[in-house]
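Hi everyone, thanks for coming. Please have a look at the structure on the screen, and I'll walk you through some parts of it.

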Amino acid sequence: MSRRSGILEFAVLGLLRESPMHGYELRKRLNTSLGIFRAFSYGTLYPCLKTLVANGWLIEEPGSVPASPPAAGLGVAPTSSLGGRRAKIVYRLTAEGKEHFEELLSHTGPDSWEDEHFAARFAFFGQTEREVRMRVLEGRRSRLEERLEKMRASLARTRERLDDYTLELQRHGMESVEREVRWLNELIESERSGRDQRRSSPESSNQHDSSGEAGGLPRHRDDNRPDPSDDTK
């Protein structure tokens, strides 16, 4: 399974964990909620759904038949067979699918730090355990710091040979990475602060969310935080 296919399967399972959906609605959610999937088509989504069904992680159920317009002059709607309309297939997560998705959520290896996979993982942080969130955030920060160091070294070696526009483009790339590192620092600090507050509070055992621990997103003073789906390579 390719990395890109794996990301799509992860996102589909995560969205269907929230509620069952038919294919069109699912694709719309992938496009609007997870911007990294804007380029995906039905030709990519439906083979993915078929694979998940074959694995036992999803089941297909008939949805409601779309309403047909009333027959002219009769004032009654024709039956679905006469109207030629078919019920949309609704995809529902199985118990095995939910267990598999939760297993995927617990993974914190290098793949979860890469650009596209990190964006998908971050989109489901509300369903992820705090300790896992921390490892993914710290891994992502470490990966970007390595990337930033290489970019600076490369720029120092080639600065004299670059024209003004190429030089400006490289600076822009470095600034994008630096901005995301600052954003990650805020998130990590907020996660740590939330954990420390619960440890010191006598009522902390009663303050949990659906993932087992409350989230800790920082309050931003502006809207300049980076989009996790941005490709900063």
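Let's start with helix H5, residues 95-105, where Gly97, His100, Phe101, Leu104 and Leu105 are buried. Buried here means under 20% relative accessible area, exposed means over 50%, and partly exposed is in between, with a 1.4 Å probe and protein chains only. Looking down the axis of H5, you find these buried residues within an arc of 145°, so they line one face of the helix. That arc is taken from the directions from the helix axis to the C-beta atoms. Ala95 and Glu99, on the other side of H5, are exposed.

A word on where this comes from: it is a predicted model, in which local features need pLDDT of at least 70 and side-chain atom pairs count only at pLDDT 80 or more, while totals for chains, interfaces and linings use all residues. Residues are numbered from 1 along each chain as its sequence is written, and side-chain values use heavy atoms, leaving out hydrogens and water.

Now the overall picture. The protein has eight helices and three strands; these are DSSP runs, numbered from the N terminus, with helices being H or I of at least four residues and strands E of at least two. Along the sequence the pattern is α-β-α-α-β-α-β-α-α-α-α. Of its 233 residues, 38% count as buried.

What about helix H2, residues 23-33: which residues are buried there? They are Gly23, Leu26, Leu30 and Asn31. These cover an arc of only 135° around the axis, which puts them on the same side of H2.

Next, a pair of helices. H6, residues 115-123, packs against H7, residues 130-158, at an angle of about 155°, and their axes are 12 Å apart. So H6 is roughly antiparallel to H7, a label for angles over 145 degrees, whereas under 35 is roughly parallel, 65 to 115 roughly perpendicular and the rest oblique. Who meets whom? From H6 come Asp115, Phe118, Arg121 and Phe122, and from H7 come Val132, Val136, Leu137, Arg140 and Arg147. Contact means heavy atoms within 4.5 Å.

Last stop: Arg171, which sits in helix H8, residues 164-200. Is Arg171 buried, exposed or partly exposed? Its relative accessibility is 35%, so Arg171 counts as partly exposed. Arg171 and Arg152 are 19 residues apart in sequence, and 9.1 Å apart in space from C-alpha to C-alpha.

Methods:
Axes fitted to C-alpha atoms, helices over the stretch in contact; angles between N-to-C directions.
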